[in-house]
Amino acid sequence: MKISLAWIKEYIDIDAPTIEISDALTSLGLECNIISNKLTFTDIVLGKIDSYSAHPNSDHLNICSVNIGNEENLSIVCGASNVDKNIFVACAKIGSTLDNGKFKIKKAKLRDVESFGMLCSEKELNISNNHEGILIVNNAKESILGAPIEDALDLSNDVILEIDLTPNRGDCLSHLGVARELALFFNKTIKKRDFSLIENKSLKINDFIKVTNNAPDYCPRYSCRMVKNLKVKESPLWLQKKIESIGQKSINNIVDAANFIMHDYGHPMHTFDYNKINSKEIEIRTAKDSEEIVTLDSQKRILKHEQLLICDGDKNIALAGVMGSYDSEITNSTKDVLIECAYFDPIKIRQGSKKVDLSTESSKRFERDTDIENMINALNNLTSIIAELGEGEIVTGIIDIYSKIKEKKLVDFNLEHCNSFLGTNLSQEQSNKIFLNLNFKKMKNKWEIPYYRNDIIREVDLYEEIARVFGYDNIPTSNSFSSSFSAIVEDDQKIKNNLRTILSAKGFNEHYSNSLYNISVLEDFNSNKTSEIINESSKDMKYLRNSLLPGLLNAISFNEKRGQNFLKLFEIGRVHSLIKNYNKEQDNLAMVWFGEQKDHWNSNLKSDIFYAKGEIVSILKNFKIDSINFKVNDSKFSELNIDIFSKKKYLGFIRLLDYNLKKKYNVNGTLIYSELSLTEINKSKNIDVYYSKPSSFPSIRRDISLLVETKISSQDLINYIFKISDKLLIEANVFDMYIGKELGENLKSIAIALIFQSAEKTLVDKDVDNRLSLILDKIKSKFRAIQR
Amino acid sequence: MTLYDKIKSIQDNFNSELSSVTDKSLSAELLYNKYLGRKGLVSSLYSELGKINNLEKPKAGEKINSLKNFLEEKLKKANIKSEKKSNKDSSIDLTLPGNHFLEGSIHPITQVMNDISSIFKNIGFSIFSGDEVEDEFYNFEALNIPKYHPARDMQDTYYLNNDKLLRTHTSASQIHFMENNTPPIKIISPGRVYRNEDISVRSYCLFHQIEGLYVDKNVSFADLKGLLEYFSKKYFGEDVKVRFRPSYFPFTEPSAEMDIYWGLESESDYRITKGTGWLEILGCGMVDPEVFKAVEYDSSLKGYAFGIGIERIAMLKYGITDIRLLYEGDVRFLRQF
């Protein structure tokens with residue numbers, strides 16, 4: 001919301017520097033920024049460069065002959081590169097000042113040539129930061145040469161403040177409201193706005209209009225007045241400037257006057273063209289479903305029963321508090337105006353505005369509640385201005401239907417409680433003074449709150465008033481905030497952070513991706529249903545993610561396009577699944593291995609499934625995951641899929657990105673991906689670690705080389721070897737694997753190193769030989785293996 | 001040949017062999033084996049010692065020992081010399097880069113979240129993380145934001161097809177925690193929240209927050225100020241200047257925003273502080289009695305709550321001017337953290 005300081009000064013005498021005013025408002029809870037400031041120069045005029053010539057002693061200076069409307073042109077030396085013939089410029093004469101008077105223009109000699117002034121840049125005038133050459137005034141007229149530059153540029157000498165108002169302070173959506181806050185801070189009194197209201201006794205309001213209120217619950221008070229025989233025309237300059245200074249568009253004298261009063265008192269009012277109100281009757285009622293109204297933005301709007309309407313005998317003339325109808329709008333031919341000033345229920349107005357998705361300056365104010373007490377004053381003031389500007393006659397009398405009396409609120413206040421709540425030590429005198437300055441009235445033990453402070457209802461609201469007026473920064477700072485509770489760090493937080501440390505040490509970069517997805521990626525990695533957003537702003541962000549992988553793959557594609565050919569990414573994040581309309585959330589870990597290292601003289605790393613598998617084992621072993629095992633299972637999501645288990649518990653999968661998904665995600669290099677459930681990893685963690693003593697006796701290694709059919713898996717072989725061996729066999733590692741034509745069709749050679757060790761004694765050859773031949777015998781018969 | 005002759009000849013042979021070889025590191029080893037090895041020449045001299053008469057034995061033994069020492073000394077020298085020389089000869093270019101390892105990194109959001117969390121953990125706050133999918137009650141109503149309240153405009157909400165919504169703030173977790181625990185309560189709740197906003201340089205459809213909540217019998221606004229000043233000093237440095245100013249959140253009364261003094265040294269300082277030098281860091285306040293009512297707590301309880309936006313802090317801390325960089329996954333960006 002924009003506030004004009006000149007306007008504020010119509011209410012209070014205040015001469016504090018702008019920055020203090022802005023700070024005061026911020027400290028009271030009205031976050032304030034100065035958006036345009038006073039002019040920082042004096043006596044700078046519009047000039048025109050009639051001609052110019054190069055300076056004899058300089059290669060960049062020019063001597064300009066500047067016409068400022070006098071008989072004689074000024075000769076001014078200027079170094080700007082955009083100097084040109086016949087351009088209009090800002091000309092500082094001898095005696096002009098810049099930078100708030102700190103810089104005074106004097107006659108000067110520049111490299112032996114006299115200069116009688118200066119041509120200014122926008123920065124020198126402090127109207128922008130532009131210092132590229134001098135300011136050139138477009139569309140200026142020869143006839144106003146010599147006029148103050150602020151007029152030629154239409155600069156205002158007003159300070160405009162931008163206030164970011166919180167929704168509880170509807171009372172400050174006006175200049176009066178902001179002035180009240182400043183009066184409170186600077187200890188000033190508010191001046192009442194004077195106006196005269198001369199009614200034409202021969203015109204009586206009851207002869208012109210009748211009002212029936214059929215919705216008193218939603219419209220507790222409705223009032224109106226009339227001005228007849230007026231002229232709709234352009235607003236006078238003062239009103240145009242005022243309206244425009246706070247960013248509003250000037251329309252005509254009637255609409256501008258209503259706008260002015262709304263921004264002045266904060267009470268929205270509506271003006272109808274009286275002659276377009278049929279039957280001269282006004283009815284306030286709630287709408288029926290699917291009624292229609294064409295609002296003055298010429299939109300047809302279909303109504304619902306919650307909405308509040310202003311109607312005449314047979315049509316709807318306004319969506320109450322939101323917008324009037326197109327039909328009853330003020331036009332240039334309007335002669336008689338009906339001025340409405342009402343108090344509407346905030347919730348009702350918000351409902352109405354939400355239903356048709358139309359928020360206006362008016363609805364914004366009604367939603368935040370208005371001042372029921374100031375209604376008649378505001379109505380009279382607007383009537384007076386409209387009559388004056390439109391040269392019309394004020395109809396005698398006012399219609400004021402106050403169906404439901406609104407009581408003033410009385411709120412308890414206990415100073416002791418307040419002090420302990422805020423940690424302050426305020427006296428009765430201090431708190432009384434604050435409340436009186438806020439225009440609260442003391443009523444025995446309670447305080448009576450003025451109508452415009454609709455936000456104050458409870459005792460705690462008074463504590464807030466005390467705090468903000470006393471000043472948050474004046475409230476002491478306690479050092480006893482730390483009490484003794486033991487921090488119970490959630491386990492999943494710990495595991496997440498450990499994982500991050502391990503993964504980043506392994507060269508993975510952590511990624512955070514957008515967790516809202518397009519429908520097209522939901523079935524790429526699992527079949528989990530997921531929740532759908534019903535008011536999405538983009539189709540690409542309509543579903544909650546059921547997998548972290550689409551986000552990671554997009555990131556890979558992004559990086560590949562930018563020349564990265566080898567990288568590993570991971571994300572730890574929330575995924576969703578919808579089970580019988582119930583949204584289940586869990587945290588996952590997803591990893592991708594992408595591409596291969598190129599162009600290194602001594603190493604050549606490649607993302608392949610074994611690299612990924614090994615890395616996963618190493619990561620999981622950090623968490624002492626019980627018996628990690630892999631199963632090669634068919635999957636509809638990838639031709640190459642390995643499921644990962646801890647004992648029988650499914651943790652997740654490793655897959656190779658298939659051709660079609662590579663195309664879909666725009667990835668060219670080899671990509672392995674894995675997604676694991678953090679919940680399951682957490683459950684499979686072995687917390688009770690018992691140490692076993694490392695053997696102090698040497699181990700014996702025996703290598704076996706077997707020829708088996710290619711379909712026999714190494715994992716089956718190893719598992720079988722352990723199954724038939726006793727505990728002296730401590731390791732069995734595949735150290736070579738070979739497939740070649742010379743071996744024969746469908747055959748492969750596997751070499752396994754077997755390590756034997758005892759915890760009790762040094763093994764001798766005999767101990768191992770027996771065991772080895774047993775293993776070989778059994779393998780030969782079980783797998784039809786041939787020893788090589 | 002007498003034993004003494006043998007000793008003499010072995011020494012002579014050794015000397016000539018040692019001087020004739022060129023690659024000394026290799027020959028030193030060979031010579032060692034030949035002369036001093038387990039089956040070497042010196043060892044055979046010792047075995048011959050048994051054959052001579054007892055009177056001669058000590059003298060001969062001494063001779064053999066001194067030969068052995070002589071050989072050892074010579075070989076040692078030869079060896080040292082050769083080591084020095086072999087490095088000088090080396091054609092290995094040690095300036096070649098080492099093997100390439102990927103540079104991993106932890107996301108700036110994680111880092112900021114962890115740094116902030118650990119400050120609060122150290123003074124007794126527990127961590128509680130809630131769900132992202134909430135309903136109207138937890139996200140709004142229990143937090144004193146009834147339907148058709150203008151405060152709902154402060155947060156554009158994503159609604160889901162099953163009468164649920166995506167939480168717009170981590171404050172929703174407060175309610176869950178209070179429903180299931182009895183005071184005193186001292187928690188922080190980090191997590192992802194969503195706002196139905198267009199993606200731009202300054203806003204994204206989601207971001208991260210850390211919510212804090214303290215509920216006990218005697219809690220004051222001064223305590224809240226003290227806590228947050230402590231946090232600011234720990235996070236931004238001992239010299240940080242903070243200010244509190246009134247604000248409005250439906251679930252706290254009084255409500256405040258805390259700013260830190262950022263300064264006005266550069267053009268960008270002007271931009272990010274809107275020319276005031278002050279920068280908004282977090283929102284906070286005393287828990288509104290309506291919130292306690294919603295979770296059926298005794299009205300005599302008091303508490304404070306605060307919420308910190310992680311992205312905002314991360315952007316300030318690292319000078320990031322485009323929020324989208326945080327979610328793009330550009331490794332050239334990620335590897336800087």
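## Strand β23 of chain A

A residue counts as buried if 20 or more other C-beta atoms lie within 10 Å of its own. By this rule, in this predicted model, strand β23 of chain A, residues 337-343, is mostly covered, with seven of its seven residues buried.

In a regular strand the side chains alternate between the two faces of the sheet. In β23(A), A:Val337, A:Ile339, A:Cys341 and A:Tyr343 point one way. A:Leu338, A:Glu340 and A:Ala342 point the other way, and the residues of both sets are all buried. The charged residue A:Glu340 is thus listed among the buried residues of the strand.

## Strands paired with β23

Which strand is joined to β23(A) by seven bridges? Strand β15 of chain A, residues 221-228, is joined to β23(A) in this way, and the two run antiparallel. Within β23(A), A:Leu338 is the residue opposite A:Met226.

Strand β16 of chain A, residues 270-273, also pairs with β23(A), through four bridges, and this pair runs antiparallel. Here A:Phe272 has A:Leu338 as its bridge partner in β23(A).

## Contact between the chains

Chain A has 83 residues in contact with 72 residues of chain B. On the side of chain A that touches chain B, 38 residues are polar, 29 are nonpolar and 16 are charged.

## Domains of chain B

The domain assignment divides chain B into domain 1, residues 3-89, and domain 2, residues 108-334. The C-alpha centres of these two domains of chain B are 82 Å apart.

Terms used:
Residues numbered from 1 in each chain as written. Chains lettered and ligands numbered in written order. Predicted model: local features only at pLDDT ≥ 70, side-chain atom pairs only at ≥ 80, totals over all residues. Contact = placed C-beta atoms within 7 Å. Buried ≥ 20, exposed ≤ 12 C-beta atoms within 10 Å, placed from the backbone. Pairing = 2+ DSSP bridges. Domains from an automatic or database assignment.
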